Amino acid sequence: MSASSAPSGLSGRLERSFNTLFSVLSASNHEATTLLERTSLPGWARKHLFFFLGYVAKADGRVSEQDIRFAESLMRALKLSPGQRRRAIREFQRGKDVSELPRSRGLRMRLQNSLNPEPALVVLFCLCHATQLQGAPSKQRRYRCEDAVDRTGLAVDAMDIVLDSYARHNRRARPELRPAPSSYDEACKLLGVQARTSLKDMKRAYRRLVSECHPDKLGTGLSDAEYAQAKERLLRYQQAWEIIKKRERARG
């Protein structure tokens, strides 16, 4: 990522830290858990992270299983002890119980951003990941993320850049967010195969992808939204396979 991708008006130190962490996120396939494993977050900043996560998670009225699993994945990435995990859960619960953020939240981040902006930036990236867990964020979910980012002392346009990056990544990585394939090349790309790949190998790739998202094989514990996403992804794979089969029939 070039420095020009960073929000305008950042100090040199803050801009460099933003660009470095953005590069780590991109190299981590946009997984905030991997970002945490490859960087660090001091203990004092963790309570703010989980409080903000709870606040964002309750944006639409209820905390989803996705929000809970994401918070738990961050706890694992941080390698929290049982006591630290209990404190993180308490902060998450406190965050979801407030209707607006107290001004004291994130104060230490705001005070030290000019000297060490990395804790606030790591929290920003994690919040952006949480905000788009269910796809394009709702207005209320985005508003709460903005509110939390403001408490860290960072500019909201930094959040916009990260969320835009997630949206681009999701369009590439999640077939259910793409339009239905309309050509042989698009179908091959969606299945992750080359146009010159043998039909046998294409079929193998198709079956593997279907097995990863078929609702009958996903088990229990998923939300209605997650099941709907899986069905839509399955449909995209089926549409791609039909185009490939039609092409092969026409050639044969």
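Visitor: How do you know that the span of helix α11 agrees with its number of residues?
Guide: Helix α11 covers residues 199-213, which is 15 residues. The expected span is 1.5 Å times one less than the number of residues. That gives 21 Å for α11, and its end C-alpha atoms are 21 Å apart, so the two agree. This is a predicted model, in which local features need pLDDT of at least 70 and side-chain atom pairs count only at pLDDT 80 or more, while totals for chains, interfaces and linings use all residues. Residues are numbered from 1 along each chain as its sequence is written, and side-chain values use heavy atoms, with hydrogens and water left out.

Visitor: Which residues of α11 are buried?
Guide: They are Met202, Ala205, Tyr206, Leu209, Val210 and Cys213. Buried means under 20% relative accessible area, exposed means over 50%, and partly exposed lies in between (1.4 Å probe, protein chains only).

Visitor: Why are these said to lie on the same side of α11?
Guide: They cover an arc of only 135 degrees around the axis, and therefore sit on the same side. The arc is taken from the directions that run from the helix axis to the C-beta atoms. Lys200 and Arg207 are exposed on the face turned away from that buried side.

Visitor: How does the span of α1 compare with the expected value?
Guide: α1 (residues 12-27) has 16 residues and reaches 23 Å from its first C-alpha to its last. That is close to the 22 Å expected. The buried residues of α1 include Leu14, Phe18, Phe22 and Leu25.

Visitor: What is the phi of Asn29, the residue following α1?
Guide: The phi of Asn29 is positive, near 60 degrees. His30 also has a phi near 60 degrees, a positive value in a residue other than glycine. His30 is in the loop between α1 and α2 (32-38).

Visitor: Why is His30 called buried?
Guide: Its relative accessible area is 6%, which is under the buried limit, so His30 is buried.

Visitor: Which residues does Ser165 contact, leaving aside neighbours within four places in sequence?
Guide: Ser165 is in contact with Phe22 and His30. Contact means heavy atoms within 4.5 Å. Ser165 is found in helix α9. With a relative accessible area of 5%, Ser165 is buried.

Visitor: Why does Lys79 count as exposed?
Guide: Its relative accessible area is 73%, which is over the exposed limit, so Lys79 is exposed. Lys79 is in the loop between α4 and α5. Its phi is positive, about 55 degrees, although Lys79 is not a glycine.

Visitor: What describes the packing of two helices?
Guide: Two packed helices are described by the angle between their axes and the distance between the axes. α4 (residues 65-77) and α5 (residues 82-96) pack at about 150 degrees, with axes 11 Å apart. Axes are lines fitted to C-alpha atoms, for helices over the stretch in contact, and angles run from 0 to 180 degrees between N-to-C directions.

Visitor: Is the crossing of α4 and α5 left-handed or right-handed?
Guide: The crossing is right-handed. A crossing is right-handed if the near helix is turned clockwise from the far one by less than a right angle, and left-handed if anticlockwise. The contact is made by Ala71, Glu72 and Met75 of α4 and Arg85, Ala88, Ile89 and Phe92 of α5. They divide into five nonpolar, no polar and two charged residues. Ala, Val, Leu, Ile, Met, Phe, Trp, Tyr, Cys and Pro count as nonpolar, Asp, Glu, Lys and Arg as charged, and the others, Gly among them, as polar.

Visitor: Why does Arg105 count as buried?
Guide: Its relative accessibility is 13%, under the buried limit, so Arg105 is buried. Arg105 is in the loop between α5 and α6 (107-112). Among the residues that Arg105 touches are Lys47, Glu91, Arg110 and Arg151.

Visitor: What makes Cys145 buried?
Guide: Its relative accessibility is 0%, so Cys145 counts as buried. Cys145 is found in helix α8 (residues 139-152). Cys145 touches Val56, Leu127, Cys128, Thr131 and Met159, not counting residues up to four places away in sequence.

Visitor: Why does Ser182 count as exposed?
Guide: Its relative accessibility is 60%, so Ser182 counts as exposed. Ser182 is in the loop between α9 (156-173) and α10 (184-191).

Technical notes
Helix = DSSP H or I, 4+ residues; strand = E, 2+ residues; numbered from the N terminus.
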